[in-house]
Amino acid sequence: MPHFDEHKLKEIFEHHDHHKHGKLTKEEAHKAYEALHEHKNKHHDFEHLWKEHHHEHHITLDGFKHFAHLHDEEHHKEHH
């Protein structure tokens, strides 16, 4: 599995930001979320994440970070 990090997340976000406004509509965000594949946030579904992190019907890159699983938090806790 290729390494997944914030750089890859940003690439997915920017690919789906068709208007290049730095934010995604709900439809764009859902497509970007699906493009995360195995890196999706496994603790919450799309609708919950959208409801928690959208602002004025758009999601920014900072908000979109919550849609992904960027690192193994359990693994991190065990070793620190």
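# Exercises on helix packing and burial

In this model, α2 and α3 pack at an angle of about 130°, with their axes 11 Å apart. The model is predicted, local features need pLDDT of at least 70, side-chain atom pairs count only at pLDDT 80 or more, and totals for chains, interfaces and linings use all residues. Residues are numbered from 1 along each chain as its sequence is written, and side-chain values use heavy atoms, with hydrogens and water left out.

**Exercise 1.** List the secondary structure elements of the protein in order.

*Solution.* Step 1: take helices as DSSP runs of H or I with at least four residues, and strands as runs of E with at least two, numbered from the N terminus. Step 2: the protein has 5 helices and 2 strands. Step 3: from the N terminus on, their order is α-β-α-α-β-α-α.

**Exercise 2.** Classify the packing of α2 and α3 and name the residues that make the contact.

*Solution.* Step 1: the axes are lines fitted to C-alpha atoms over the stretch in contact, and the angle between N-to-C directions runs from 0 to 180 degrees. Step 2: under 35 degrees counts as roughly parallel, over 145 as roughly antiparallel, 65 to 115 as roughly perpendicular, and the rest as oblique. Step 3: the angle is about 130°, so α2 is oblique to α3. Step 4: α2 contributes Lys26, Ala29, His30 and Tyr33 to the contact (heavy atoms within 4.5 Å), and α3 contributes Phe46, Glu47, Leu49 and Trp50.

**Exercise 3.** Which residues of α3 are buried, and which are exposed on the other side?

*Solution.* Step 1: buried means under 20% relative accessible area, exposed over 50%, and partly exposed in between, with a 1.4 Å probe and protein chains only. Step 2: in α3 (residues 46-53), the buried residues are Phe46, Leu49 and Trp50. Step 3: seen down the axis of α3, these buried residues fall within an arc of 100° (taken from the directions from the helix axis to the C-beta atoms), so they line one face of the helix. Step 4: on the other side of α3, Lys51 and Glu52 are exposed. Step 5: the buried residues pack against β1 (23-24), α2 (26-35) and β2 (59-60).

**Exercise 4.** Which residues touch the most other members of the largest nonpolar core?

*Solution.* Step 1: a nonpolar core is a set of buried Ala, Val, Leu, Ile, Met, Phe, Trp, Tyr and Cys residues joined through side-chain atoms within 4.5 Å. Step 2: the largest core has 16 residues, and Leu36, Phe64 and Phe67 touch the most other members. Step 3: α1 (6-16), α2 and α3 each supply at least two residues of this core. Step 4: leaving out residues up to four places away in sequence, the contacts of Phe64 include Leu9, Phe13, Ala32 and Leu36.

**Exercise 5.** Describe the place of Leu61 and its contacts.

*Solution.* Step 1: Leu61 is in helix α4 (residues 61-64). Step 2: not counting residues up to four places away in sequence, Leu61 touches Leu9, Lys10, Phe13 and Gly22. Step 3: Leu61 and Glu14 are 47 residues apart in sequence, and their C-alpha atoms are 8.7 Å apart in space.

**Exercise 6.** Is Lys20 buried or exposed?

*Solution.* Step 1: Lys20 is in the loop between α1 and β1. Step 2: the relative accessibility of Lys20 is 58%, so Lys20 counts as exposed. Step 3: Lys20 has a positive phi of about 55°, although it is not a glycine.
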